Each structure stands twice: as C-alpha cells, then as structure tokens.
Amino acid sequence: MPQVPQRLDASAVRAWCGLALRALGRAREEIDAINVYPVADGDTGTNLYLTVESAAAAVEAVFAGHAALAGGKDAPDEPEAFDGREALDGHEDMDGHEAVAGQAVSPGRVPEGPALADAVHAMAHGALIGARGNSGTILAQLLRGMAQVLAADSDATHTDGQGLGLALRRAADAARQAVVHPVEGTVLTVASAAADAATDAEGDCGAVARAAYEGARAALAATPGQLAVLERAGVVDAGGRGLVAVLGALVETLTGEAPAALAVPVLAGHARVGAGPDTTAPHARVDAAVTEPLGEVGECADGTPAPDEGGPAFEVIYLLEAEDAAVTRLRDRLDALGDSLVVVGGDGLWNVHVHVDDAGAAVEAGVEAGRPYRIRITHFGLDDAHTTGAGSRPVRERAERAVVAVVPGEGLAVLYTEAGATTVLARPGEPPASGELVEAVRRAHAREVVLLPNDAELRHTAAAAAEQARAEGVRVALIPTRSAVQGIAALAVHEPGRRFDEDVVAMTSAAGATRYAEVEVAERQSWTMAGICQAGDILGLIEGDVAVIGSDVTATAEAVLNRMLAAGGEMVTLVLGDEAPNTIAAHLESRVRESYLAVDTVVYRGGRQGALLLIGVE
C-alpha cells in the first residue's frame, strides 16, 4: 500500500484536487443524466467538473510558484497538473502522475512544499472564481468553509482527524447559509450528513474521511424520499452525487484506497435527462435507462411547485466585488426577482448565482451592490423542462453545422454570436480548459462543428476537445486560428450550405491569408526580438513576435500597421480593447486612407480583451 499522510498537508490537498477531478470526469455524464433539480438542464456533472478544474489549477499555481521561489531549479515551465483533464476524454492517467497523497510530487523537486494554508486558500479561491451553475457555486462554498478551518493559525490542531471533522462541519454550515432557501434532499443534505458522520468519528484523517463518505452515501440514497421531483424521476440528487464523488477522492487521498464504485439507480419507467448521447460508462452502474418523458419536474428553490407557466427563463452568474453590507441588500433584491439564489464568498469577493426572468435586473442589482464581472447569462430554452410542461416539451433538433470560437473579450463575443457562432470567453490570464470547449460544442447542438481556438497556445486544448466531441458522434474540424482577427476572417466566409469539407477549406484559407498583430503593455523587463523592453513599454507584436517597442500606443500601433501593409493587403481589421486611446481608431483609419489606396478598414470594440489593440490584415 502506498504511503499516505497521517495529517493534512499541501500535497494532500493537491492530490485530492487531482483525484476529485478524475472522479468527476468519470462520473460527469452519469451526473448530467440524473440532473432534474432545480433545473432539468443536464449540466450538473459538467459544472462540478469545471469548478474543481479551476480549484485544481489554482493549487498547481501555488506549487509552481513555490518551486520558483525556492530557487527555480525545479520549477516547471508550466504547472504540472494533477488536473485530470484527460478524465473528461476517457483516460485514466493524469500526465503520468500517480495521484496518491504522500508520494513525491515529482522527481527532483524541492522537498519542502507550500504551506497548507496557501494550498487550501488557493483551492477555495480557484473554486470561487471558476464556479459553474448552482452545484458548482455550492461546492465552492463547501471548499471555502473547509479552508477557513484548515488555514487557521493553530495549524497543527486542524490537520488531524478531529480537525478534518471540524472543517467538514464548517463547510456544511457555510454552504447552507449561502443558499437563501435551503431545501432538503439536495447536496446540502448530503453535506450535512457527511459532516455529522465526520464529527462523530474517531481516528486519523483517513478514518474521518471514510466516515464522511459513508454518511454522504447513505444521505444520497435517501434524497428521493425527501424531494418529490427526484422521486418522480426515479433518481438521486445530482449535486449530492457529485459531492459523494469528491468525498470518495478525499478517502483515496488519505487512505490510498479508492471506495467501491457507487451504484446510482434510475428506476424503470423514468427518464434519464441530459443533452448528451446515452453513453453510460461501466462505472456508473445505472440499473435502467429508458426514454419516456419526465413527469412534472419544475419546482422553485424553496421546494414549492413552480407556477404553471414554468420557472425563470435565465440563469445569471457573476463575480462581484462588494462589501458585506451591500451583499446583504443584494440577497434581498435578488430573492424578490427569482429563485435558486446562492451567494458565496467573502472578504470582498463573491460569486452570485440566481434564476430569473429579468436578467438585466439581476445584473443591475449587482452594479448597485459593487462591481460585477465575468457575467454569464444562460437562457434555459424551450427544450428545458424547467421552462415548459414536460408533456409538451419539444425535442430540440440538431443543427446541421455550427461554429464554436474562443474569443478574448465581451465585445468580440457579441460580434461572433451575431454571426452565428457559439462562443467561449477567454479572459486575460485564464485560458479555457478542454472541458469548456467540449461543453460549447454540446451547446452548439450540431452534427458538424468548426472549432476556432483563436490562440496558438490553445491548440492542444482545442485538439483534446475535438477528440472528445468526435467520440460523442460530432464531426469536428479544428482550424488552427492563432488570433481572433483570423477567426473573424474565417467566419466571414463560412457558408453552412456548402459541403463540410469545402466550407472548412474556405475558412482555413481565409484565416491563413490574414496576418495578425497586437499592441500591449510590457509587464516586466525582458529580452525581445526588437531589443530589451522595460515594464510599461508599449509592445507591437506581429505574428507573436515583438517587432516594435515604443512609449506611445498610437505611434506604436501605426508602426506595426505600416510594417504589415508593406507586404500588401486589402482589408484592415482593428479590434479595440477597453484601455485603448479614444482617438487611435480614427488616427489609424486616416493613415490607411492617406497612404494605402484601395485598402478598407473595419473597427470593432473588443471590450476587456487583454491587448490594447488587435490588428488583422487580409
């Protein structure tokens, strides 16, 4: 049996995140399929996976930073991940690492790792900023509650079995307090049962984790008797099922032994819901899978039946920087607007989740409370059992072809969406994971998909997502666009009426014929192809290499544009970031008109896209 920790430490937290990610990757489709509450939209497993993926990435960043500070001799170029992303693609290894706590993190790495407090704070923060959906938001608060205990000043007191029990208790209580109208028979019930069992248990961390897992399993099995919508559908609570998987990973971390596979019954005569194909994995052990329509499944977050016209039409999620008093007022405001309200976080940063009919009012309430950002608004749609009577629910027919594109700013997201693409927003410093791209392909709901990563560094991520989508029966073509302006060129010639191969060739040719550049601010001193730059210098990058170093944004942009047009061009595309000078577009347009005959210029607003300016020349 491999060596396992007697007390919780940073390496155990790291291993737990990796094993939890792998467990959720394996169970994702099963959990999506039993998702009927609070909305039967078949995404609970995916949301939990993406939330834990964000937590795991944050922990990996702490380890990479610690290695660099310890001398850099063992620091990897990129964080070595217990990220389990391959689990979403059906693989069981994690970049060659054995995710068992107590083993060396990697050969040759400095033995002293980061502090437990740093690891658990990173885990909680990563989950908070990456939380998806109702279930992911609640899981983020569970992890935050655990971190509050494990990162306390009296470190040694809270790293043994008793400390783990206290952490699980705080987690369950914090999650329940975050939900405005708690409902029994949900993940909250499962979390409370796990905490009760852990508090009563004696022994080391492994014994306490196993007690929590068994308590959670028993509570999960009882959820259909507590929530009528689950009993009618013949399933257990999906969020609770996900939490059991996370706790099972904790048992494996602390004991070296994985719990037995969990059998989740789906009673005969009831439906499995979910957008994906019926590809039940062997580990799921689902007893029956039939396709009769569900009964009435719409209920509000407080457990009362939904009105006849169905539940709210939109899910609204955003991060919010606000003071505690403002958040208290926000809870009351949003509670009056909709249901499924969960507000998690603290210390000035919050994650807000609510289902409403007036999405604008929910966002405006956030603006009044503080600064909302990373705003996500999802329309549940006509094919959602939450918004229609189940008996009359239309089956959404697959489109023949769709385009899925990664875009760096809100403005470009609107532009791509108006052109018919399904978009994935890539925020500065936070590239999307393969799971997000796979989920976007599923949202596109088409037989054929053209995938535009719009970033050279996303080529491997996009390739992994394409392989997963192909395994699900979708024909996917990956066009290796390296910039959003190349994606714009490809989208401009997209013609769904053409044969798929012909369309892909045309889009690839348009993208390849578009040279790209960007103007950005240097973050630190560095050697470049154009010489040494200092922090604060303006950099002009052409095709990824620094070509111009300047002190003025407009002058640098003009120099870049002149170099690009020296090789010819017919169309210039300018995408302005929020921090670009107000006069830069007019100046560059005038320069093109005066110096380059028969060259047209088009200008778009990109929003918070990272770069001050994106330039494309076709």
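Okay, let's start with a strand pair: β7, residues 446-452, runs parallel to β8, joined by four bridges. Two strands count as paired when DSSP finds at least two bridges between them. Helices (H or I, at least four residues) and strands (E, at least two) are DSSP runs, numbered from the N terminus. Within this pair, valine 449 has valine 476 in β8 as its bridge partner.

Before I go on, this is a predicted model, with local features needing pLDDT of at least 70, side-chain atom pairs counting only at pLDDT 80 or more, and totals for chains, interfaces and linings using all residues. Residues are numbered from 1 along each chain as its sequence is written, and side-chain values use heavy atoms, with hydrogens and water left out.

Back to the sheet. Four strands make up an open sheet, in the order β6-β5-β7-β8, and the pairing is parallel. At the edges sit β6 (422-425) and β8 (475-478), each pairing on one side only. From one strand to the next, the twist averages 20°. Then there's helix α13, residues 410-418, lying across β5 (399-407) and β6, at about 170° to β6. For contact, read heavy atoms within 4.5 Å; axes are lines fitted to C-alpha atoms, for helices over the stretch in contact, and angles run from 0 to 180 degrees between N-to-C directions.

Now the charges. How many salt bridges does the structure hold? There are 28, taking a salt bridge as a side-chain nitrogen of Lys or Arg within 4 Å of a carboxyl oxygen of Asp or Glu.

One of them joins arginine 14 to glutamate 60, with the closest N and O atoms 2.7 Å apart. Arginine 14 belongs to helix α1 (residues 10-33) and glutamate 60 to helix α2 (residues 44-69), so this pair ties together parts 46 residues apart in sequence. Are these two buried or exposed? Arginine 14 and glutamate 60 are both buried, meaning under 20% relative accessible area, where exposed is over 50% and partly exposed is in between (1.4 Å probe, protein chains only). Arginine 14 also lies over the face of phenylalanine 63, 4.4 Å from the ring centre. The rule there is NZ of Lys or CZ of Arg within 6 Å of the ring centre and within 35 degrees of the ring normal.

Next, glutamate 321 and arginine 371 meet in a salt bridge at 3.2 Å, N to O. That one links strand β1 (residues 314-321) with strand β4 (residues 371-379), the two residues being 50 apart. Glutamate 321 is partly exposed at 36% relative accessible area, and arginine 371 is partly exposed at 39%. Arginine 371 also sits over a ring, the face of tyrosine 373, at 4.4 Å from its centre.

Last, the phi values. Serine 340 has a positive phi, near 50°, in a residue other than glycine. Where is serine 340 found? In strand β2, residues 338-346, and serine 340 is buried, with a relative accessible area of 3%. Glutamate 543 also has a positive phi, near 55°. Glutamate 543 lies in the loop between β12 (538-542) and β13 (545-550), and is partly exposed at 31% relative accessible area.

That's my tour, thanks.
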